[in-house]
Amino acid sequence: MLGLSPSETLKLINEIRIWSMIGTGVLAVITMVSGVAQIRLQSVVGAAKDAELERYKADAVERTQALKNDASKLQIELEKERSERLRLENKVKPRRLSHIDKGELGFILSGLDKVNFEVDSMLNDAETHRLALDFVEVLKSQGLYEYDTCNQLSFTKVPSEVRIHINEGDLKNRPVMDCASALCRFLVTKGLSSDLRYFYGPQTSAGCVNIRVGHKPA
C-alpha cells in the first residue's frame with residue numbers, strides 16, 4: 001500500500017482510526033456544545049419574551065386603571081352637570097300634580113273622615129293658581145269641594161311653598177288634625193313643602209283644612 005511495508009501500513013491504519021475517533025469525539029463535543037448553546041439561547045429568548053409579556057401586562061393594567069380613573073372623573077363631572085341641569089329645570093318648571101300624584105292624594109283623602117276645605121293661591125300668580133286648581137280637581141273628585149276655582153289672595157307676608165292651615169279652635173278636632181297631618185306628609189313626599197307641620201290661626205274657617213299655595217322657592 002503506497003509502497004509501505006505491512007507494519008507501516010498497519011501503523012497508518014491505526015493512526016487513521018485514532019484520528020477518526022478523535023474527529024468523531026470532537027464532532028460530538030461540538031454538537032453537544034451547540035445543543036447547550038441553543039438551549040441557553042432559547043432560555044434567554046424565552047426569558048426575554050416573558051419579561052416583555054410581563055411589561056406589556058403591567059402597562060395594560062396601568063392603562064386600564066388610568067382609563068377607569070378618567071371614566072370615574074368623567075362620570076362625576078357628568079353627574080354634577082346633570083344635577084345642576086335638574087336644579088335649573090326644577091327652578092323654572094311650574095309645579096303641578098301629576099296624574100299619579102292626584103291618584104295618590106285621592107286615595108289618602110278617601111281613607112280619612114270628611115272635612116271641609118279651603119284652597120288659596122297667590123293673587124296675580126299663574127303658577128300658584130294652576131297648582132291650586134290641581135288640588136281643587138282632586139278635592140272635587142272626592143266630594144270635598146264644591147267650587148271650580150280657588151281663592152286668589154294677596155298676603156302681607158308672602159307665603160312660600162304649599163302650607164296646610166287649620167283654625168286654632170280645631171286643635172282638638174281629630175278629623176281636621178288627621179287630615180292636615182296626612183296632607184303635610186303628602187306635600188313633603190312630593191317636594192311641595194319642606195315642613196311636616198301644619199299651621200293654625202284665626203284666618204282659617206272652623207272645621208276646615210286650608211291648602212295655601214305660596215310662591216315657589218327660589
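Helices α2 and α4 are roughly antiparallel to each other, a label given to angles over 145 degrees, whereas those under 35 count as roughly parallel, those from 65 to 115 as roughly perpendicular and the rest as oblique. Before I go on, please keep in mind that this is a predicted model, in which local features need pLDDT of at least 70 and side-chain atom pairs count only at pLDDT 80 or more, while totals for chains, interfaces and linings use all residues. Residues are numbered from 1 along each chain as its sequence is written, and side-chain values use heavy atoms, with hydrogens and water left out.

Let me stay with the helix pair. The axes of α2, residues 99-110, and α4, residues 174-189, come within 11 Å and cross at roughly 160°; these axes are lines fitted to C-alpha atoms over the stretch in contact, with angles from 0 to 180 degrees between N-to-C directions. Helices here are DSSP runs of H or I with at least four residues, strands are runs of E with at least two, and both are numbered from the N terminus. The crossing is right-handed, meaning that the near helix is turned clockwise from the far one by less than a right angle, anticlockwise being left-handed.

Which residues of α2 meet α4? On the α2 side they are Asp101, Glu104, Leu105, Ile108 and Leu109, and they meet Cys179, Ala182, Leu183 and Phe186 in α4, where contact means heavy atoms within 4.5 Å. By class, this contact has 7 nonpolar, no polar and 2 charged residues, with Ala, Val, Leu, Ile, Met, Phe, Trp, Tyr, Cys and Pro counted as nonpolar, Asp, Glu, Lys and Arg as charged, and the others, Gly among them, as polar.

Turning to charge pairs, a salt bridge is a side-chain nitrogen of Lys or Arg within 4 Å of a carboxyl oxygen of Asp or Glu, and by this rule the count comes to 13. One of them joins arginine 82 to glutamate 79, at 2.8 Å from N to O, and both residues lie in helix α1, residues 6-92, 3 residues apart, or about one turn of the helix. Arginine 82 is partly exposed at 37% relative accessible area, and so is glutamate 79 at 33%; buried means under 20%, exposed over 50%, and partly exposed in between, with a 1.4 Å probe and protein chains only.

A second example pairs arginine 130 with aspartate 134 at 3.3 Å, N to O, the two being 4 residues apart in helix α3, residues 126-141, which is about one helical turn. Here arginine 130 is partly exposed at 35%, whereas aspartate 134 is buried at 0%. Both residues also belong to a network of salt bridges that links Arg96, Lys102, Arg130, Asp134 and Glu137.

Also in helix α3 is histidine 129, which is buried at 18% relative accessibility. Leaving aside residues up to four places away in sequence, histidine 129 touches Ser121, Thr149, Cys150 and Gln152.

Finally, the backbone: most residues other than glycine have a negative phi. Where does glutamate 161 lie? Glutamate 161 is in the loop between β2, 151-153, and β3, 162-167, and has a positive phi of about 65° although it is not a glycine. Glutamate 161 is buried at 12%, and its side chain meets that of arginine 163 in a salt bridge of 3.1 Å, N to O. Asparagine 124, in the loop between β1, 116-122, and α3, likewise has a positive phi, near 60°, but asparagine 124 is exposed, at 74%.
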